[in-house]
Each structure stands twice: as C-alpha cells, then as structure tokens.
Amino acid sequence: MNVEKALEKLKDEGYKFTGKREQLLHLFAEEKRYLSAKEVLTAMQTDFPNVSFDTVYRNLSLFEDMDILEVTELEGEKRFRFRCSTTHHHHHLICLECGKTKQIHACPMDWLNENGEQEFEVTGHKFEIYGYCSECQPVASHT
C-alpha cells in the first residue's frame with residue numbers, strides 16, 4: 001500500500017479527503033514500521049496541535065477496516081503499519097526495539113496442511129516472530 005492507493009481507496013469508498021488523513025498516511029509511508037496510536041498522535045500534533053486521540057484512533061480503525069493498515073499487538077498495545085503491497089501469502093519478523101518488519105515467506109500452516117488435519121477448517125491465521133534487528137541487537141543486549 002502507498003499514499004496514492006490509500007487515498008484512492010478512501011475516495012472510492014466515499015470518505016472525505018482531509019489534510020489529517022493525508023498526513024497520517026504519509027507518516028506510515030515514511031516510517032515503514034509498526035506505530036502505536038500514541039506515536040501517531042505525537043507526530044500529527046506538529047501540524048495539527050489540536051488533533052485529538054479519538055480522531056487519530058478513529059482514522060486508524062477506519063484504515064484497518066479498509067485494509068489500508070494492518071495491525072498487530074506489541075507489549076499489550078495495538079500497533080499499525082501500511083498493509084503490505086504484495087498479494088502473496090507471507091508473515092513477518094518484527095523488531096521489538098525499532099518496530100521494523102521484514103517479510104518471511106515460510107508458513108507454519110504448510111506443515112498442518114501437509115499432515116492432513118482434515119477435522120479442522122482453518123479460516124485464517126497470523127504468524128509473527130519477535131526479536132531484534134541487526135541494528136538494535138547491541139542496544140537490546142545492554143538493557
């Protein structure tokens with residue numbers, strides 16, 4: 001996903017184009033990592049000092065519902081990032097320090113499918129691996 005595609009999707013679904021929504025999308029395009037609603041609010045307050053947490057969270061939820069953003073939970077808090085542009089099935093490695101993500105293409109569900117779990121119909125799954133990227137490993141080892 002990118003800003004242009006996201007704005008087009010909003011327009012196609014009948015949602016208003018606003019400066020706040022555009023800035024929020026640009027923030028995700030620049031960061032390329034999972035962000036908490038609080039991090040988004042802090043970044044938005046530079047240009048929109050009166051923006052409320054409710055406004056930010058409402059837009060994050062809307063973007064999640066529209067498949068513009070994907071969500072995960074880190075340290076008990078929802079985090080958001082642009083939905084991956086790829087249409088092929090994949091999962092993520094997520095750095096606990098900086099929030100960077102990397103796609104991985106192996107899927108543990110392949111094992112389940114290969115071993116004939118016929119008694120259970122899987123309708124969805126999510127697989128994430130948490131740790132520290134190479135840039136954050138030295139920092140993490142001293143904490």
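Which residues does the UniProt annotation "binding site" cover?

1. The annotation, taken from an unreviewed UniProt entry, covers C95, C98, C133 and C136; UniProt positions are given in the numbering used here, feature names are shortened, and annotations may be inferred rather than shown by experiment. Although these residues are spread over 42 residues of sequence, they cluster in space, with a largest C-alpha distance of 8.2 Å.

2. On the basis of the note: this is a predicted model, in which local features need pLDDT of at least 70 and side-chain atom pairs count only at pLDDT 80 or more, while totals for chains, interfaces and linings use all residues. Residues are numbered from 1 along each chain as its sequence is written, and side-chain values use heavy atoms, with hydrogens and water left out.

3. C95 belongs to strand β4, residues 91-95 (strands are DSSP runs of E, at least two residues, and helices runs of H or I, at least four, numbered from the N terminus). With a relative accessible area of 4%, C95 is buried (under 20%; exposed is over 50% and partly exposed in between, with a 1.4 Å probe and protein chains only).

4. Not counting residues up to four places away in sequence, C95 touches K100, G131, Y132, C133 and C136 (contact means heavy atoms within 4.5 Å).

5. Elsewhere, F80 lies in strand β3, residues 77-82, and is buried at 0% relative accessibility. Leaving aside neighbours within four places in sequence, its contacts include F28, Y34, L35, Y57, L60 and V71.
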